[in-house]
Amino acid sequence: MTGFILARRSSRGRARASARRLKPWYRNGSLVFGLSIITGMILLAVLAPVLTPYDPIQQNLTQALQPPGSSHWLGTDKLGRDVLSRLLHAARVDLRIGFLAVLIPFVVGSILGAISGYFGGWVDIIIMRVVDVFFAFPLYVLVIALVFVLGSGESSIYLAIALVSWVSYCKIVRGEVIVARRQEYVQAARLGGLSHWRTLGRHIGPNVISQAITYAMSDIILDIMVIVTLGYLGLGITPPTPEWGSMISDAQEFITTQWWMAVLPGVAVVITGIGLSLAADGLTDLLSPERRK
């Protein structure tokens, strides 16, 4: 009973310490600036139907390849579709997939990593051998190859990312759990009579998951890059749904005359990546005080 009480107090103390570290988040320039960029991009995507007066998939060949003007602020593409409308509606697709595709790998990888790191033995050997097999190949290329096999479409992208990306979360959480299981509060929980699963879920999990959350911010960038690459290769979202990669692919033949059609989707990808990178860097500093200078 005494061990259980000590474990509860230690775990709560660590949680309160984490909460205190999270209070001055507004003083973290990287985090604030990054979240501001991400929030702005999400708002533009959500409000795309309101901000754009044109249907992003409606063709009007008589208005094809119009330069920027009062009626079409960013001009039209080769099929007469409004570029601004397609750019903002494409953000809805890319950001939605980028954020949602992280969830399954995050959950599955974190659970398997926690089990592997806590129990060790043959469980750890089996899980880590599977992880090593995936790491033997470039993960970025492996996702593209899987989508090529599964076929184009949003569901194929989700499945391919889920099958590949979980290994990174597994390895991160495993390393954190191996360190955490040697801590006094874990030993106290076990002496207090708590089961392995309760110790793992209630005491270890909340104290090691921050690294996986930080990595997830960076992983969203990789997912968006995968989506854009697949769209550029014609393996992503099925046309005529607007998507940044397919917009770049469609506009590359006009790069010398209507350069903005290819450049602006690329700029959108870069801005999104910068925002996520800054947010991830700020979150790392916030959750890892020893890295502060």
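Modeller: This is a predicted model. Start with helix α4: 14 of its 18 residues are buried, so α4 is largely enclosed by the rest of the structure.

Biologist: What span should the 18 residues of helix α4 have, and how far apart are its end C-alpha atoms?
Modeller: Helix α4 covers residues 83-100.

Biologist: How many aromatic pairs does the structure hold?
Modeller: Rings count as a pair if their centres lie within 6.5 Å. On that basis the number of aromatic pairs is six.

Biologist: Are the rings of phenylalanine 106 and tyrosine 169 stacked or edge-to-face?
Modeller: Their centres are 5.7 Å apart, and their planes meet at 80°. Planes over 60 degrees apart count as edge-to-face. The pair of phenylalanine 106 and tyrosine 169 is therefore edge-to-face.

Biologist: Which helices hold phenylalanine 106 and tyrosine 169, and how many residues apart in sequence are the parts that the pair ties together?
Modeller: Phenylalanine 106 belongs to helix α5 (residues 103-119), while tyrosine 169 belongs to helix α8 (residues 154-180). Both residues are buried. The pair thus ties together parts of α5 and α8, and their separation in sequence is 63 residues.

Biologist: Which residues do ring pairs link into a cluster?
Modeller: Phenylalanine 106 and tyrosine 169 form an edge-to-face pair. Ring pairs link these two and a further tyrosine into a cluster, made of Phe106, Tyr169 and Tyr215.

Biologist: What does the pair of phenylalanine 134 and tryptophan 166 tie together?
Modeller: These two rings are edge-to-face, at 5.8 Å centre to centre with 75° between the planes. Tryptophan 166 is buried, with a relative accessible area of 10%. Phenylalanine 134 lies in helix α6 (residues 121-135) and tryptophan 166 in helix α8, so the pair ties together parts separated in sequence by 32 residues.

Biologist: Which residue lies over the face of phenylalanine 135?
Modeller: A charge sits over a ring if it is within 6 Å of the ring centre and within 35 degrees of the ring normal. At 4.8 Å from the ring centre of phenylalanine 135, the residue over its face is lysine 171.

Biologist: Which element gives the most to the nonpolar patch?
Modeller: The patch is on the surface, has about 620 Å² of accessible area together, and includes Ile42, Leu43 and Val50. Elements giving two or more residues to the patch are α2 (29-46) and α3 (48-51). With four residues, the element that gives the most is α2.

Biologist: Is leucine 43 buried or partly exposed?
Modeller: Leucine 43 is in helix α2. Its relative accessibility is 48%, so leucine 43 counts as partly exposed.

Definitions and conventions: Residues are numbered from 1 along each chain as its sequence is written. This is a predicted model: local features need pLDDT of at least 70, side-chain atom pairs count only at pLDDT 80 or more; totals for chains, interfaces and linings use all residues. Side-chain values use heavy atoms; hydrogens and water are left out. Rings of Phe, Tyr and Trp (its six-membered ring) pair if their centres lie within 6.5 Å; planes under 30 degrees apart count as stacked, over 60 as edge-to-face and the rest as tilted. Buried means under 20% relative accessible area, exposed over 50%, partly exposed in between (1.4 Å probe, protein chains only). The expected span of a helix is 1.5 Å times one less than its number of residues. Patches are made of residues with over 30% relative accessible area and no salt bridge: like charges are joined within 9 Å, nonpolar side chains (Val, Leu, Ile, Met, Phe, Trp, Tyr) within 5 Å. Accessible areas come from the Shrake-Rupley method with a 1.4 Å probe; for residues, only the protein chains shown count as cover. A salt bridge is a side-chain nitrogen of Lys or Arg within 4 Å of a carboxyl oxygen of Asp or Glu.
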